[in-house]
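This report walks through one protein model, starting with a pair of packed helices. The sequence and structure are shown first.

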Amino acid sequence: WPRYGICSGQGGCSYGDPKSQGFQEVATASLAASLELGAFGYARLVLENYLAHYVRSHGRLFYRGYEMAQAARLLTLAADFYAFTGDGAPLLKHFAKLRGVAALLLARRDDALARFPDASDPRHGMPVGNDEADLFRVTANPASAQSTEMPFYSIAAETAAGFASLGSAWAKLGAARGRADVTATGAAL
């Protein structure tokens, strides 16, 4: 199976095998590199494989801990895929999953607005989560000293970028394909 769910391109890899691992930063780095190098066919395989086998419809993963910044980066890279290739099929095929990721991130932002209501607090609106999946652990009280979830600039920055880029891509793609749901979701982001 592909190491971390990403095929090295050396043959013998199955892009559709759900038993392989889905390491978030390996998927996003592979997708970003393949787009920048113009390996658009490979980029589509990475994007399709990751969305088909590792992202659940509500935005969570079939994996271990959730790296919030990497989840947000996925939104940007999906938009980049469309911008680089003009191919919106993967964004429409996996619309529910990408919308689920966006909804999860938006819920985290709403939580941060409520948790840190003072607008002069630098944490105001900064999503709380983990930037590293290895830190993931469940505690009875997420606000306890044992919790590793906290506001990170990386999560906030990637979330803002992901919302802006995928929102713009979906607005354009939805209008081009006559998909009011895609257009509306893009405008909301």
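## Helices α3 and α5

In this predicted model, the axes of α3 and α5 cross at roughly 135 degrees and come within 10 Å. That angle makes α3 oblique to α5. The crossing of the two helices is left-handed.

On the α3 side, the contact is made by M68, A71, A72, L74, L75 and A78. On the α5 side, it is made by L98, V101, A102, L104, L105 and R108. Sorted by type, the residues of this contact are 11 nonpolar and 1 charged, with no polar residue.

## The overall layout

The protein contains 7 helices and 2 strands. Along the sequence they follow the pattern α-α-α-α-α-β-β-α-α.

The protein has 189 residues, and 44% of them count as buried. Considering contacts between residues at least 6 apart in sequence, 63% join residues at least 24 apart.

## Helices α1 and α2

Two packed helices are described by the angle between their axes and the distance between the axes. For helix α1 (residues 24–36) and helix α2 (residues 40–53), the angle is about 155 degrees and the axes are 8 Å apart. That makes α1 roughly antiparallel to α2, because an angle over 145 degrees counts as roughly antiparallel. The crossing of α1 past α2 is left-handed.

Which residues of α1 and α2 make the contact? From α1 they are Q24, A27, S30, L31, S34 and L35. From α2 they are F40, Y42, A43, V46, L47 and Y50. This contact of α1 with α2 comprises 9 nonpolar residues and 3 polar ones, and no charged residue takes part.

## Helix α2 on its own

Helix α2 is made of 14 residues. The distance from its first C-alpha to its last is 20 Å, close to the 20 Å expected at 1.5 Å a residue.

Its buried residues are A43, V46, L47, E48, N49, Y50 and L51. The buried residues of α2 pack against α1, α3 (68–85), α4 (89–93) and α5 (95–115).

Helix α3 has 18 residues, which should span 26 Å at 1.5 Å a residue. Just after α3, G86 takes a positive phi of about 75 degrees.

The buried residues of α3 are M68, A69, A71, A72, L74, L75, T76, L77, A78, A79, F81 and Y82. What do the buried residues of α3 pack against? They pack against the helices α1, α2, α4 and α5, and also against β1 (128–129) and α6 (153–177).

## Residue F81

F81 lies in helix α3. Is F81 buried or exposed? With a relative accessible area of 1%, F81 is buried, because buried means under 20%.

Not counting residues up to four places away in sequence, F81 touches L35, F40, A43, R44, L47, G86, D87, P90 and L91. One of these, F40, is 41 residues from F81 along the chain, and the C-alpha atoms of the two are separated by 8.0 Å. F40, A43 and L47 also belong to the contact that α2 makes with α1, as does L35 on the α1 side.

L113 lies in helix α5. Its relative accessible area is 28%, so L113 is partly exposed. Leaving aside neighbours within four places in sequence, L113 is in contact with H124 and G125. L113 and G125 are 12 residues apart in sequence, and their C-alpha atoms are 4.4 Å apart in space.

A160 is found in helix α6. A160 is partly exposed as well, with a relative accessible area of 46%. A160 and L189 are 29 residues apart in sequence and 9.2 Å apart in space, C-alpha to C-alpha.

Conventions: Residues numbered from 1 in each chain as written. Predicted model: local features only at pLDDT ≥ 70, side-chain atom pairs only at ≥ 80, totals over all residues. Heavy atoms only, no water. Axes fitted to C-alpha atoms, helices over the stretch in contact; angles between N-to-C directions. Helix = DSSP H or I, 4+ residues; strand = E, 2+ residues; numbered from the N terminus. Parallel < 35°, antiparallel > 145°, perpendicular 65-115°, else oblique. Left-handed = near helix turned anticlockwise from the far one by under 90°. Contact = heavy atoms within 4.5 Å. Nonpolar A, V, L, I, M, F, W, Y, C, P; charged D, E, K, R; others polar. Expected span 1.5 Å × (residues − 1). Buried < 20%, exposed > 50% of the residue type's maximum accessible area, 1.4 Å probe, protein only.
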